Amino acid sequence: MEQLDRYYWEDRWQSDNTGWDIGKPSPAIVSYMEQYPHKAARILIAGCGHAHEAAALAALGFTDITVLDIAETATEKIRHKYQHIKEIKVICEDFFTHNAHYDLLLEQTFFCAIPTEKRVDYVQQAANLLAPNGKLVGLLFNRNFDMPGPPFAGGIAEYSALFAPFFTFQTLAPCFNSIPARAGKELFINFNKK
């Protein structure tokens, strides 16, 4: 399988091959964040892509939003696009070596882009990055794919076993407000760090 490193993702960005982008913030994440009370929460969006969610969060009054991507072209585009939004901090770095603390980690098409053999590392790093009582919230695919990944497939049974050592589950259920193209193929997660 092709090495999914920063060069791979940089090439995808430079060739404008970003088919994961839905062109707007995820309705499920926006709906959750509309009722999230802590506007000063330290929020991380890893593998942020075009960072539509970050702009939506700033518009909702959140004041401490960090977006992280391994591709330099992605982060340059985001910095330029959101330079007028002081609440958004853009970092070009590998999620797996990032070192900071957050109250909330938002997941939107990052987990599915990671090779399956690195999923345990993702779960451990998510827990490391979250402060006590921190939350991992967002979307995971609940489906198989016909083509080799990314994206990589997954389902409830696998996720339950994978995340349980580090998180308690408030929600792990089919998403009711996915975009039409992903309807019935996503799970909404709301996990609390143990």
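Predicted model: local features only at pLDDT ≥ 70, side-chain atom pairs only at ≥ 80, totals over all residues.
Local features need pLDDT of at least 70, side-chain atom pairs count only at pLDDT 80 or more, and totals for chains, interfaces and linings use all residues. Residues are numbered from 1 along each chain as its sequence is written, and side-chain values use heavy atoms, without hydrogens and water.

**Cavities**

A search of the whole structure finds two cavities of 30 Å³ or more. A cavity is a set of points, on a 1 Å grid over the protein atoms alone, where a 1.4 Å probe fits but cannot get out; lining residues have an atom within 4 Å of a point. A volume is the space filled by probe spheres set on the points, which are joined across faces, edges and corners.

| Cavity | Volume | Lining make-up |
|---|---|---|
| Largest cavity | about 60 Å³ | six nonpolar, two polar, three charged |
| Second largest cavity | about 40 Å³ | five nonpolar, four polar, two charged |

Ala, Val, Leu, Ile, Met, Phe, Trp, Tyr, Cys and Pro count as nonpolar, Asp, Glu, Lys and Arg as charged, and the others, Gly among them, as polar.

The lining of the largest cavity includes Glu107, Phe110, Leu140 and Arg182. Strand 5 (130-141) gives the largest share of that lining, three residues. Strands are DSSP runs (E, at least two residues), numbered from the N terminus.

Eleven residues line the second largest cavity; Ser26, Pro27, Leu139, Ile179 and Glu186 lie nearest its centre.

**Thr97**

Thr97 sits in the loop between strand 3 (88-92) and strand 4 (102-108). Thr97 is exposed, at 55% relative accessible area. Exposed means over 50% (1.4 Å probe, protein chains only). Thr97 and Gln125 are 28 residues apart in sequence, and their C-alpha atoms are 8.5 Å apart.

Conventions
Helix = DSSP H or I, 4+ residues; strand = E, 2+ residues; numbered from the N terminus. Buried < 20%, exposed > 50% of the residue type's maximum accessible area, 1.4 Å probe, protein only. 1 Å grid on protein atoms, 1.4 Å probe; cavity = no way out; pocket = protein on both sides within 12 Å on 5 of 7 lines; lining within 4 Å.
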